[in-house]
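My notes follow in the order in which I looked things up.

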Amino acid sequence: MTVADIVSILNARVLCGENRLDRTVHSAFCSDLMSDVLAFVNEKTVLITGIINPQVIRTAEMLDIRCLIFVRGKEPGEQVLSQAKELGITVLTTGDAAFTTCGKLYQAGLRGVAIEWPESEDET
Amino acid sequence: MSMVHQVYPVAADDFTRAGEASADIKRRLKQLGVSSAVLRRVAVASYEVELNLVIHSDGGELTLNVDQDGVHLISKDVGPGIPDIDQAMREGYSTANEEARSMGFGAGMGLPNMKRNADQFAIESQVGKGTTIEMTFKLA
């Protein structure tokens, strides 16, 4: 599925990065906890979140996340958007809550990132 | 690969600038041609340790060294120190304040996540003195 497909499935609004809607998306991750995003995401993915502070963009930058979907109608400030623009991150917003957003995308065939549980103890 | 040595001061509680050092580290390593898999692990660990300096320390610095052995990240702060490192290393344990939590951090994943991403991880702390974390990432 492409980012353009996501826009139409969610009836989302594109806040920036409209020139990159043809990007292919392979998986998604949904969390308001950036700690968990940093701990569990280990592939290029779409991030679905209700947190709109600058640290979301930083987290995306560190993990090479190229598309953010803000749920519950959240819209970040100008500074956050210009930072996203600079980094080539596409930012979408949808009026749906996180659960509904995930449900719609899952139904359309998108799947979650593979979660790798850390080994319980270092054997070496 | 050429030698890189860079020191980034990190201020306590400065959430607006948190991540700037890690973003610069990531850019530099990318320019050096570090593979994207290693780059991602360094970036995550660097961001986690930088956030820890902002959230938990009284201020400190993050140092990047690159040599033949790989990428080295050293975080050094001036306090307050960690009383029980074993407890701090446990997933889910966090002493982060409300502000950090409101930004989506403080889930108690930071230190374990650093250890998981680094090839070598060492932490040393003294209450009243400060904490030093050293991480190494092999390039191959």
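I began with handedness: helix 3 of chain A and helix 4 of chain A cross in a right-handed sense. The model is a predicted one, and I read every entry below with that in mind.

**Helix pair in chain A.** I looked up which residues make this contact. Helix 3 of chain A contributes Pro54(A), Ile57(A) and Arg58(A), and helix 4 of chain A contributes Val80(A), Gln83(A) and Ala84(A). Sorted by class, I have 4 nonpolar, 1 polar and 1 charged residues here. For the geometry, I noted that helix 3 (residues 54-63) and helix 4 (residues 78-86) of chain A pack at about 15 degrees, with the axes 9 Å apart. An angle under 35 degrees counts as roughly parallel, and I therefore logged helix 3 and helix 4 of chain A as roughly parallel to each other.

**Sheet of chain A.** I asked in what order the strands of chain A form the sheet. The order is 1-5-4-3-2, in an open sheet of 5 strands with mixed pairing. Strand 1 (13-16) and strand 2 of chain A are at the edges with a single partner strand each, so one side of each has no neighbour in the sheet. I have an average twist of 25 degrees from one strand to the next.

I then checked individual pairings. Strand 2 (residues 28-30) and strand 3 of chain A are paired in the parallel sense over 3 bridges, and Phe29(A) is opposite Leu47(A) of strand 3. Strand 4 (residues 67-70) and strand 5 (residues 90-93) of chain A also pair in the parallel sense, over 4 bridges; here Leu68(A) stands opposite Val91(A) of strand 5.

**Cover on the sheet.** Helix 5 (residues 98-107) of chain A packs on the sheet and touches strand 2, strand 3 and strand 4 of chain A, its direction making about 150 degrees with that of strand 3. I found helix 3 of chain A lying across strand 3 and strand 4 of chain A, at about 150 degrees to strand 4. Is strand 3 (residues 46-49) of chain A buried on one side or on both faces? Both faces are covered: Val46(A) and Ile48(A) are buried on one side, Leu47(A) and Thr49(A) on the other.

**Helix pair in chain B.** In chain B, the axes of helix 1 (residues 20-31) and helix 2 (residues 36-56) come within 8 Å and cross at roughly 160 degrees. I therefore put helix 1 and helix 2 of chain B down as roughly antiparallel to each other. Their crossing is right-handed. Among the contact residues I listed Ile25(B) and Leu29(B) of helix 1 and Leu39(B), Val42(B) and Tyr47(B) of helix 2. By class, the contact of these helices of chain B has 7 nonpolar, 2 polar and 4 charged residues.

**Backbone.** Most residues other than glycine have a negative phi, and most peptide bonds are trans. I logged the exceptions below.

- Asn11(A), in the loop between helix 1 (3-10) and strand 1 of chain A, has a positive phi near 55 degrees. Asn11(A) counts as exposed because its relative accessibility is 68%.
- Arg72(A) has a positive phi of about 55 degrees and is in the loop between strand 4 and helix 4 of chain A. With 39% relative accessibility, Arg72(A) counts as partly exposed.
- The peptide bond from Gly79(B) to Pro80(B) is cis, with omega near 10 degrees. I placed Pro80(B) in the loop between strand 3 (70-77) and helix 3 (85-88) of chain B.

Note on methods
Residues numbered from 1 in each chain as written. Chains lettered and ligands numbered in written order. Predicted model: local features only at pLDDT ≥ 70, side-chain atom pairs only at ≥ 80, totals over all residues. Heavy atoms only, no water. Axes fitted to C-alpha atoms, helices over the stretch in contact; angles between N-to-C directions. Helix = DSSP H or I, 4+ residues; strand = E, 2+ residues; numbered from the N terminus. Parallel < 35°, antiparallel > 145°, perpendicular 65-115°, else oblique. Left-handed = near helix turned anticlockwise from the far one by under 90°. Contact = heavy atoms within 4.5 Å. Nonpolar A, V, L, I, M, F, W, Y, C, P; charged D, E, K, R; others polar. Buried < 20%, exposed > 50% of the residue type's maximum accessible area, 1.4 Å probe, protein only. Pairing = 2+ DSSP bridges.
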